[in-house]
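Please read these points with the sequence and the structure side by side. They go from the whole chain to single residues.

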Amino acid sequence: MKNIPLCKPAIDEEEIAAAVEVLKSGWIAHGQKNHEFENQFSRFLAVNHAVSMNSCTSALYLAIKALNIKGEIIVPSFTFVASVNAIILAGAKPVFADIEENTRNISPERIVEAVTDSTEAIMVVHYAGLPADMPAIIRIAKKYHLRIIEDSAECLGGSYNGVKAGSYDTGCFSFFPTKNITTGEGGILTTNEEQIAARVRIMCAHGIDSTTYRREKEKQPWLRIASQYGYNFRMSNLLAAIGVEQMKKIDKLNAQRQELADRYLANLSHIPSVQPQFVPEDFVNSWQMFTILVPHHFRDELLVYLRSRGVGASVHFDPPVHEQKLYQNIKQGSTLEVTRKVSKSIITLPIFPGLTLGETDYVCELIDQFKGLG
Ligand SMILES: Cc1ncc(COP(=O)(O)O)c(C=O)c1O
């Protein structure tokens with residue numbers, strides 16, 4: 001039987017050599033590789049600043065803190081709990097808005113319905129690699145004077161009209177092993193505003209405004225003066241070194257995902273009851289996941305069928321956040337009808353750079369043969 005995992009990190013000799021070099025260097029904690037990684041990342045996104053850290057969840061949390069948002073933040077319920085947790089833990093108030101069925105991204109119309117006098121920001125989640133409808137969302141943000149926090153955990157390299165997701169306002173990325181690049185665990189915050197980047201760097205490192213690495217180059221490196229209460233959310237030099245090697249390959253890795261997605265799209269196009277994610281004109285999907293909608297009464301059966309044949313199909317996300325007990329009292333700014341429907345019908349199929357076209361064909365053949373879908 002085949003064994004096709006949902007995803008697999010693309011770690012090669014370059015990442016291993018880079019990690020060994022850092023281990024041998026003796027400077028394992030936050031250091032020079034972080035600066036290199038951040039410079040590479042900000043060049044790739046065409047933003048002024050990137051701050052590497054331990055996770056996207058930390059980046060989301062610090063974005064809210066650095067922007068000093070305490071009021072309502074509109075966010076999709078169709079997301080990973082981390083988006084909502086960050087809002088709550090940072091002391092702001094999440095308000096759920098519905099998504100569009102075809103893109104699975106937050107709906108601009110539903111955002112407008114959710115806006116109140118207390119709204120301060122929109123947390124856009126670029127789902128599965130596809131940027132949300134940014135032109136419409138920017139118009140809304142301008143009209144109502146809202147900040148945009150981009151949860152771009154699932155979207156590194158996705159763009160609209162050449163502008164990359166995560167570069168519009170405050171961007172937050174994840175380097176968890178399922179993402180477009182990985183450092184094992186890790187994240188980065190991007191911004192064009194120097195003041196926001198500076199605040200985030202300080203909060204990330206104990207509230208001290210010079211890093212150990214920089215201090216070593218100063219006159220009195222033994223002075224560690226905190227200007228505020230801070231956290232330790234830093235990424236290590238070791239992980240940043242892996243990130244540097246991954247970023248060198250990002251275009252190649254995403255091109256491989258595109259080739260696999262194209263194969264899925266071609267193979268599945270003749271099954272009308274299977275709906276892949278729709279990519280509107282001028283949008284580039286970085287295909288962090290490949291998701292399909294199927295009739296909801298077949299969904300679980302199809303999952304079990306695929307998994308029993310060695311295909312690591314999964315679901316992102318069911319239940320949606322608002323259906324989880326912990327989050328049941330969170331305000332719903334719009335109907336969540338589409339979220340409910342999509343979450344019960346969605347399946348994530350394997351996609352990662354090491355997957356072969358033959359394996360993609362195998363997954364599609366299985367779907368083709370599944371009795372309910374013909
Ligand atoms: C939409 C979304 N937001 C946030 C996160 C959290 O990222 P991290 O694990 O780096 O904190 C994830 C990761 O799974 C995600 O998919």
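1. The model is predicted, so local features need pLDDT of at least 70 and side-chain atom pairs count only at pLDDT 80 or more, while totals for chains, interfaces and linings use all residues. Residue numbers start from 1 along each chain as its sequence is written.

2. Overall size. The C-alpha trace of the protein chain spans about 70 × 55 × 40 Å along its principal axes. A compact globule of 374 residues would have a radius of gyration near 21 Å, and the protein chain agrees because its value is 21 Å. That radius is taken over C-alpha atoms, and the globule rule is 2.2 Å times the number of residues to the power 0.38.

3. Secondary structure and burial. The protein chain holds 13 helices and 14 strands. These are DSSP runs numbered from the N terminus: helices are H or I with at least four residues, strands are E with at least two. Of the 374 residues, 51% are buried. Buried means that 20 or more other C-beta atoms lie within 10 Å of the residue's own; exposed means 12 or fewer, partly exposed is in between, and C-beta atoms are placed from the backbone.

4. Contacts along the sequence. Among contacts in the protein chain with a separation of 6 or more, 74% link residues 24 or more positions apart. Two residues are in contact if their C-beta atoms, placed from the backbone, lie within 7 Å.

5. Domains. The assignment gives domain 1 (13–249) and domain 2 (251–369); such bounds come from an automatic or database domain assignment. The centres of domain 1 and domain 2, taken over C-alpha atoms, are separated by 25 Å. How many residues of each domain are in contact with the other? Domain 1 has 38 residues in contact with 34 residues of domain 2. On the side of domain 1 that touches domain 2, at least two residues each come from β2 (72–76), α4 (81–89), β3, α5 (108–114) and β6 (159–160). The largest share of that side, 4 residues, is supplied by β3.

6. The core. The largest nonpolar core contains 107 residues, and those with the most contacts inside it are Ala 59, Leu 60, Leu 62, Ala 63, Ile 64 and Met 123. Helix α3 (residues 56–66) gives the largest share of this core, 8 residues. Domain 1 (13–249) and domain 2 (251–369) both contribute residues to this core, so it lies between them. A nonpolar core is a set of buried Ala, Val, Leu, Ile, Met, Phe, Trp, Tyr and Cys residues joined through C-beta atoms within 7 Å. Setting aside residues up to four places away in sequence, Leu 62 touches Leu 189, Val 200, Met 203, Cys 204 and Phe 233.

7. The 8-stranded sheet. This open sheet has mixed pairing and runs in the order β1-β9-β8-β5-β4-β2-β3-β13. Its edge strands, β1 (49–53) and β13 (331–332), each pair on one side only. Strands pair if DSSP finds at least two bridges between them. Strand β3 (residues 93–97) is joined to β13 by 2 bridges and runs parallel to it, with Phe 96 opposite Gln 332 in β13. Helix α7 (residues 194–204) lies across β1, β8 (170–174) and β9 (187–191), at about 15° to β1. Axes are lines fitted to C-alpha atoms, for helices over the stretch in contact, and angles run from 0 to 180 degrees between N-to-C directions.

8. Strand β8. Does β8 pair with β5 in the parallel or the antiparallel sense? The pairing is parallel, over 3 bridges, and Ile 149 has Thr 170 in β8 as its bridge partner. With β9, β8 pairs in the antiparallel sense over 4 bridges; here Ser 174 stands opposite Gly 187 in β9. Thr 170, Cys 172 and Ser 174 point one way from β8, Gly 171 and Phe 173 point the other way, and all are buried.

9. Asp 151. This residue is in strand β5 (residues 147–151). Why does Asp 151 count as buried? Asp 151 counts as buried because 31 C-beta neighbours lie inside 10 Å. Leaving aside neighbours within four places in sequence, the contacts of Asp 151 include Leu 60, Met 123 and Cys 172.

10. The 3-stranded sheet. A further open sheet has the order β10-β12-β14, with antiparallel pairing. β10 (275–276) and β14 (346–349) each have a single partner strand, so one side of each has no neighbour in the sheet. Strand β12 (residues 290–293) is joined to β14 by 4 bridges, and the partner of Thr 291 in β14 is Thr 348.
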